Amino acid sequence: MPGGMQETFLEIYYADRSSDFARLSLQFRVGCLDAFVASPPKTISHEEPTARPWGSTYLYIRDPNDIQIIVYEGGL
């Protein structure tokens, strides 16, 4: 992509068979969490971003299969 930009696609879906994802977590680092918060469909529920003690800001999302998705901005 031009200017060093990158693109990522994340699909959230509902599976009709039972699975246990209680311990599964997906984490994605973004350059601007505010831009990400403005982009998902309104049907995706989440709480406000949380500032973590190590300087990062985290957004916690649960998908329809109960997988925790963490989108964060800042250092590791």
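In what order do the four strands form an open sheet? The order is S1-S4-S3-S2, and the pairing is mixed.

This is a predicted model, in which local features need pLDDT of at least 70 and side-chain atom pairs count only at pLDDT 80 or more, while totals for chains, interfaces and linings use all residues. Residues are numbered from 1 along each chain as its sequence is written, and side-chain values use heavy atoms, with hydrogens and water left out.

**Overall layout**

The chain has one helix and four strands. Along the sequence they follow the pattern β-α-β-β-β. Helices (H or I, at least four residues) and strands (E, at least two) are DSSP runs, numbered from the N terminus.

The chain has 76 residues, and 18% of them count as buried. Buried means under 20% relative accessible area, exposed means over 50%, and partly exposed lies in between (1.4 Å probe, protein chains only). The chain exposes about 6,000 Å². Carbon and sulfur atoms supply 51% of that area. These areas come from the Shrake-Rupley method with a 1.4 Å probe, and for residues only the protein chains shown count as cover.

Contacts (heavy atoms within 4.5 Å) also span the sequence. Among those with a separation of 6 or more, 48% are between residues 24 or more positions apart.

**The sheet**

Two strands pair if DSSP finds at least two bridges between them. Strand S1 (25-29) and S2 stand at the edges of the sheet. Each has a single partner strand, so one side of each is left without a neighbour in the sheet.

S2 and S3 pair in the antiparallel sense over two bridges. Threonine 50 has tyrosine 58 in S3 as its bridge partner. The two strands form a hairpin with five residues between them. In its turn, glycine 55 has a positive phi of about 100°.

S3 and S4 also run antiparallel, joined by six bridges. Here leucine 59 stands opposite valine 71 in S4. Five residues lie between the strands of this hairpin, and aspartate 66 takes a positive phi near 70°.

**The nonpolar core**

Which five residues make up the largest nonpolar core? They are Leu33, Leu59, Ile61, Ile69 and Val71. S3 and S4 each supply at least two residues of this core. A nonpolar core is a set of buried Ala, Val, Leu, Ile, Met, Phe, Trp, Tyr and Cys residues joined through side-chain atoms within 4.5 Å.

**The aromatic residues**

The structure holds three aromatic pairs. Rings of Phe, Tyr and Trp (its six-membered ring) pair if their centres lie within 6.5 Å; planes under 30 degrees apart count as stacked, over 60 as edge-to-face and the rest as tilted. Two of the pairs are set out here.

| Pair | Centre to centre | Between planes | Class |
|---|---|---|---|
| Tyrosine 58 and tyrosine 60 | 5.9 Å | 35° | tilted |
| Tyrosine 58 and tyrosine 72 | 5.2 Å | 25° | stacked |

The pair of tyrosine 58 and tyrosine 72 links distant parts of the chain. Tyrosine 58 is in strand S3 and tyrosine 72 in strand S4, 14 residues apart. Both of these tyrosines are buried. Tyrosine 58 has 10% relative accessibility. Tyrosine 60, by contrast, is partly exposed, at 30%. Trp54, Tyr58, Tyr60 and Tyr72 form one aromatic cluster.

**Two buried loop residues**

Is serine 56 buried or exposed? Serine 56 is buried, with a relative accessible area of 1%. This residue lies in the loop between strand S2 (50-51) and S3. Serine 56 touches Thr50, Ala51, Tyr72, Glu73, Gly74 and Gly75, again leaving out residues up to four places away in sequence.

Aspartate 63 is found in the loop between strand S3 (57-62) and strand S4 (68-73). Aspartate 63 is buried too, at 9% relative accessible area. From aspartate 63 to histidine 46 is 17 residues in sequence and 9.7 Å in space, C-alpha to C-alpha.
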